[in-house]
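Have the viewer open as you read.

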Amino acid sequence: MTRAAAWAILILGAIYFILPLMGMIEFSLSMRRGEYSLDAYRIVLADPQFRRTFGYSVMMAIATIVVGMLLVVPTAYWVQLKLPRLRPLIEFMTLLPLVIPAIVVVFGYIRLYNTSSWLPLTGSLTGTNILLMCGYIMLGLPYMYRAVDTGLRAVDVATLTEAAQSLGAGWGTILWRLILPNVLVAVLSGAFVTFAIVMGEFTMAALLNRPAFGPYLQLMGANRAYEPFALATIAFAITWACIGAMQLFTRFSRQGRPT
Amino acid sequence: MSFLKLSHLEKSFGASHVVRNFNLEVERGEFISLLGPSGCGKTTVLRMVAGFEKPDVGSISIAGKDVTALGVRRRDIGMVFQAYALFPNLTVAQNVGFGLKVQGTARSEISARVQEMLALIGLPDKADRYPYQLSGGQQQRVALARALAPRPKVLLLDEPLSALDAKIRVSLRNEIREIQKALGITTIFVTHDQEEALSLSDRVVVMHKGVADQIGTPFEVYNAPATRFVAGFVGTLNTLEAEVIDAATGTVALGAQRLVLDRPLPPGPVTLGLRPEMLHMEGGPAYLTGRVMASDFLGSVVRVRVDVAGQILALDQFNSTRRAPPRVGEELRFGLNPSDVLVIAPAG
């Protein structure tokens with residue numbers, strides 16, 4: 001392939017991705033007739049519902065990341081250390097959320113945890129929030145687990161664990177002081193992806209009737225013209241900021257280390 | 001009473017019987033090497049002492065206390081690993097002080113002990129460095145300091161020099177021995193390198209197929225190997241198949257040549273062992289003759305390969321400017337002392 005053809009393909013691909021984005025941004029700036037303005041953004045940002053739903057989703061994302069991390073890091077560590085034979089099974093399980101639609105999962109949740117079930121989580125706001133967080137953890141699992149597992153594979157987990165044990169360290173100390181700091185970049189990568197997923201998630205939040213950012217996006221889209229595009233641009237910016245932060249952390253952690 | 005006692009240890013992994021009826025008594029402050037080829041069970045024995053593996057049968061006691069059922073954390077051992085295993089997120093000082101911190105030692109005491117340990121290993125100025133900023137030899141010295149800092153009862157060294165280059169390996173092994181002597185700590189050192197084991201140890205345990213073939217001082221193991229395996233594994237050994245023709249005087253026939261060993265031997269075929277350095281060009285009480293097949297100049301030593309009655313013998317002589325190495329094809333008469341000839345027991 002000639003250099004010109006390669007460039008042509010690259011430019012075509014870039015146009016395919018960038019053009020709709022540019023159209024979206026351009027439209028979000030066109031609220032005022034005949035000139036570009038940030039009116040749509042101003043209206044959206046001033047909307048108390050935006051702040052409430054955005055704040056709710058941010059809090060849910062943080063809770064999802066913390067609880068997800070507490071679940072995934074010890075699991076991935078234990079699988080690598082003691083149950084390497086189970087790795088294919090665990091990997092398969094962590095991939096399931098990619099093939100099972102969120103709507104199936106959320107209906108399953110509602111059926112299992114409704115008010116007449118043995119664990120009536122949907123009977124209270126806190127319970128429903130916990131249920132939604134569990135759903136979010138599941139959605140982020142393929143990314144979180146992979147990121148952490150890859151991070152752990154880069155470290156000689158078994159020897160470090162044995163060295164720590166020979167010095168008298170217990171499991172808590174080993175995980176908190178030795179394993180987690182050494183996979184922090186991987187955990188953060190998983191965390192940013194999870195954050196982006198949670199901020200844009202619609203199905204689970206809508207069906208569990210929680211005031212998240214995703215349902216708010218949908219609501220605005222159904223009733224307004226320019227504001228949904230401003231919101232979509234904001235949501236996109238959050239995703240890109242997360243990816244940028246991942247890159248930054250990865251690069252920062254590599255600085256000064258031998259390659 | 002011995003300080004560390006391993007009694008009748010047995011360990012299997014699935015169908016593989018890795019350690020068989022292993023017994024060892026180590027005195028306080030003694031330096032013991034477990035020497036053997038890969039898969040002989042030496043690391044498994046070490047890991048059983050550390051508590052990483054539980055013996056199927058047998059018991060382990062340290063300072064008179066049975067620790068067989070105790071977990072790693074409570075055994076009061078220090079361990080150095082082949083792959084250094086320094087904690088990458090901690091500085092040198094934090095690594096060395098880790099064990100003390102886990103024990104809940106006061107900060108000031110940790111700091112003093114860390115300084116003491118870093119001075120001991122000759123790295124007092126590296127306290128704030130991270131492991132990746134150190135060379136392999138420095139990392140392993142830090143690992144040694146880390147293992148010693150909590151004042152363990154027993155120090156376990158799992159092939160700590162294998163990942164290092166030859167020059168550093170020699171200097172670090174001497175350093176390890178000096179530190180061990182200075183602290184008087186009971187030490188078990190696992191290695192497959194006979195030179196390391198012989199040069200460092202008070203006693204060497206030569207392991208083969210999960211069994212301790214011989215336990216003895218380096219001198220004993222080298223000069224009086226108990227089994228054919230020990231004879232072949234420790235040092236370079238020429239083996240010669242011969243026939244005892246006079247049992248009373250220990251006269252053996254090597255083709256047409258005769259060698260009187262001056263000790264009673266059972267009549268019939270016998271395997272003799274001869275170290276290359278025990279054969280002399282200058283002559284000796286007894287002689288053998290052979291044809292030079294090869295003459296390899298190795299610098300300080302010239303290794304000559306001689307065909308004696310259809311069997312090849314290696315013979316080492318120190319390099320000398322006054323004497324040229326023998327030429328290939330030349331007939332060579334070389335001397336030996338009959339008492340240096342090992343009579344090797346048949347393989348069991």
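Rings of Phe, Tyr and Trp (its six-membered ring) pair if their centres lie within 6.5 Å; planes under 30 degrees apart count as stacked, over 60 as edge-to-face and the rest as tilted. With that in hand, look for the aromatic cluster formed by A:Phe50, A:Phe54, A:Phe213 and A:Tyr216. A word on the source: this is a predicted model, in which local features need pLDDT of at least 70 and side-chain atom pairs count only at pLDDT 80 or more, while totals for chains, interfaces and linings use all residues. Residues are numbered from 1 along each chain as its sequence is written, chains are lettered from A in the order in which they are written, and side-chain values use heavy atoms, without hydrogens and water.

Over all chains, the structure holds 17 aromatic pairs. In one of them, the ring centres of A:Phe54 and A:Phe213 are 5.2 Å apart and the planes stand at 90°, so this pair is edge-to-face. It joins distant parts of the chain, since A:Phe54 lies in helix 3 (residues 48-81) of chain A and A:Phe213 in helix 11 (residues 213-223) of chain A, 159 residues apart; helices (H or I, at least four residues) and strands (E, at least two) are DSSP runs, numbered from the N terminus. Buried means under 20% relative accessible area, exposed over 50%, and partly exposed in between (1.4 Å probe, protein chains only). A:Phe213 is buried at 0%, whereas A:Phe54 is partly exposed at 24%.

Now for the two chains: how many residues of chain A are in contact with chain B? There are 20, and they meet 22 residues of chain B, contact being heavy atoms within 4.5 Å. The rule finds one salt bridge across this interface, a side-chain nitrogen of Lys or Arg within 4 Å of a carboxyl oxygen of Asp or Glu. Its partners are B:Arg47 and A:Glu162, with the closest N and O atoms 2.5 Å apart. On the side of chain A that touches chain B, helix 7 (157-166) and helix 8 (171-182) of chain A are the elements giving two or more residues, and helix 7 has the largest share with seven.

From chain B, follow helix 2 (residues 92-103), whose buried residues include B:Val92, B:Phe98 and B:Leu100. The buried residues of helix 2 of chain B pack against helix 7 and helix 8 of chain A, together with helix 3 (107-120) and helix 4 of chain B. After helix 2 of chain B comes B:Gly104, with a positive phi near 85°.
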